[in-house]
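Thanks, everyone. Please bring the model up on your screens, and I will walk you through a few charged side chains and then the domains.

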Amino acid sequence: METLTTISPVFDVENIRESFPILNRELNDKRLVYFDNAATSQKPQVVIDALVNYYSYYNANIHRGIHTLAEEATAAYELTRVTVRKFINAAFPEEIIFTRGATEGINLVAYTWGRKNINAGDEIIISGMEHHSNIVPWQILCEEKKSVLKIIPVTENGELDLDSYKNLLSAKTKLVSVVHASNSLGTINPVKEIIDAAHRIGVPVMIDGAQSAVHLDIDVQKMDCDFFVFSGHKVYGPTGVGVLYGKKEILENMPPFMGGGEMIKEVTFEKTIYNNLPYKYEAGTPNIADTVALRSALDFINETGKNSIRKHENDLLKYATAQLEALPGLRIIGTAKEKVSVVSFVIKNMHPQDIGVILDQQGIAVRTGHHCTQPVMDYFRIPGTVRASFAMYNTKEEIDKLVIGLQKAIEMLS
Ligand code: PMP
């Protein structure tokens, strides 16, 4: 009798690299080493093909047309919603709202749920390691509503001080919004514990998954978060499309975000009846092409296997951390126990930007600066860091090149 065995995909980095045409680029006669994945990841050929196919064969506006192209475009757009639902294990496809990215998702919640539910004197808790996108929308809301932003402190190794968090929770707390994985420190936060503590006093929680969705298994039902956001361009998908997940009963009770076509059932000059989920929050013609291509990106991740990718990225993280720590004057910023594949560092007496320029001359792309987390830099009393962030297509050989590049920078700048 034949037995069925589950075969997990073999992780072959050279094979994976062939799927990303940009990795063949040369810069200054050197093969590109792309270590700026936390800013945006590169795109596999299947994602590029999905965009070209959409515009070449079935470009049409969705939902309203009865002709074949409109039906094909609508089906492809809605298939991405179903794929995203599975990717984060949401209970219903209508809990998936397409946005422009994580930033728009957070703003949508601030402008709708926030405006309805936050009043003078209420408190919103965020953390000291938030991206500006998870700070500024709440500051705008707090200014308008005379409410107060409370900050969970960060510890020296770049983790959240959970005891302080639990002390911040009170009857005044109306929302907690925290980052799942920090883009500047790499820290993976214990979001389940954060969510459970807030829920014990009836407070909803939003999770910024901009950095976690690509690396970690996301199960919004298990996590029990009330909102979750991520961006397509950081999960090997196109720019200009992202996802807001919200629990159905919460989304149903929020006021709309933008008004316009698509988000209505019926309009008269006297009264408008809003559409059902998810269309209520998708006013106007959406970003059809990029949303369609996002499915190819998620399929690509699933086919490669998230567990294998994570294992590979963890190996790279460990290898890079050990190599970099050995360099004279180098200090890693963000040494949490649980990290995604992000290494941020400073080198004594050198400005991060100067290091970035020297690496660029050697074909190595890293990010330098505050990474849109200025409060983190203030906490560590540094102007910024050099950040190398790894994706499924990076290799140890590339990390060796980074180390050689940094040795050169140290020679040149000291
Ligand atoms: N949150 C985090 C943690 C991020 O890293 C980013 C992007 N750097 C964002 C939010 C914002 O994402 P986007 O610019 O794609 O909207």
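Start with aspartate 36 and arginine 387. Their side chains form a salt bridge, with the closest N and O atoms 3.5 Å apart. Keep in mind that this is a predicted model. The pair links distant parts of the chain. Aspartate 36 sits in the loop between strand S3 (33–34) and helix H2 (45–57). Arginine 387 belongs to strand S17, residues 385–389.

Next, arginine 17 and glutamate 398. Here the side chains meet in a salt bridge at 3.2 Å, N to O. Again, distant parts of the chain are linked. Arginine 17 lies in helix H1, residues 13–18. Glutamate 398 lies in helix H14, residues 396–413. They are 381 residues apart. Both arginine 17 and glutamate 398 are buried.

Now a pair within one helix. Arginine 295 and aspartate 299 form a salt bridge at 3.3 Å, N to O. Where do they sit relative to each other? They are four residues apart in helix H10, residues 288–304, so about one helical turn separates them. Arginine 295 is partly exposed, at 25% relative accessible area. Aspartate 299 is partly exposed as well, at 24%. One more item on pairing. Salt bridges with shared partners join Asp36, Arg367 and Arg387 into one network. Over the whole structure, the search finds 16 salt bridges.

Side chains of opposite charge can pair when their charged atoms come close. Let me show you a charged residue without such a partner. Glutamate 130 is buried, yet it has no salt bridge. How far away is the nearest side chain of opposite charge? That side chain is lysine 234, and it is 13 Å away.

What does glutamate 130 contact instead? Its side chain makes a polar contact with the side chain of asparagine 134, at 2.7 Å. The glutamate 130 side chain also reaches the backbone nitrogen of valine 179, at 3.0 Å. As for location, glutamate 130 is in the loop between strand S5 (123–127) and helix H5 (136–145). Leaving out residues up to four places away in sequence, glutamate 130 touches Ile135, Ser177, Val178, Val179, Cys372 and Thr373.

Last topic: the domains. Domain 1 covers 13–44 plus 305–413, and domain 2 covers 48–302. Their C-alpha centres lie 28 Å apart. Across the boundary, 42 residues of domain 1 are in contact with 36 residues of domain 2. The area buried between the two is about 3,200 Å², and carbon and sulfur atoms give 54% of that.

How many salt bridges cross between domain 1 and domain 2? The count is zero. Polar contacts do cross, with 29 residue pairs between domain 1 and domain 2. On the side of domain 1 that touches domain 2, helix H11 (306–325), strand S14 (342–347) and helix H13 (374–380) each supply at least two residues. H13 gives the largest share of that side, with six residues.

That's it from me. Thank you.

Terms used: Residues are numbered from 1 along each chain as its sequence is written. This is a predicted model: local features need pLDDT of at least 70, side-chain atom pairs count only at pLDDT 80 or more; totals for chains, interfaces and linings use all residues. Side-chain values use heavy atoms; hydrogens and water are left out. Buried means under 20% relative accessible area, exposed over 50%, partly exposed in between (1.4 Å probe, protein chains only). Lys and Arg count as positive and Asp and Glu as negative; His and the chain ends are not counted. A salt bridge is a side-chain nitrogen of Lys or Arg within 4 Å of a carboxyl oxygen of Asp or Glu. A polar contact is a pair of N or O atoms within 3.5 Å; within protein, one must be able to donate a hydrogen and the other to accept it, and residues adjacent in sequence count only if both atoms are side-chain atoms. Contact means heavy atoms within 4.5 Å. Domain bounds come from an automatic or database domain assignment. Buried area is the accessible area (1.4 Å probe) that two parts lose on being put together, summed over both.
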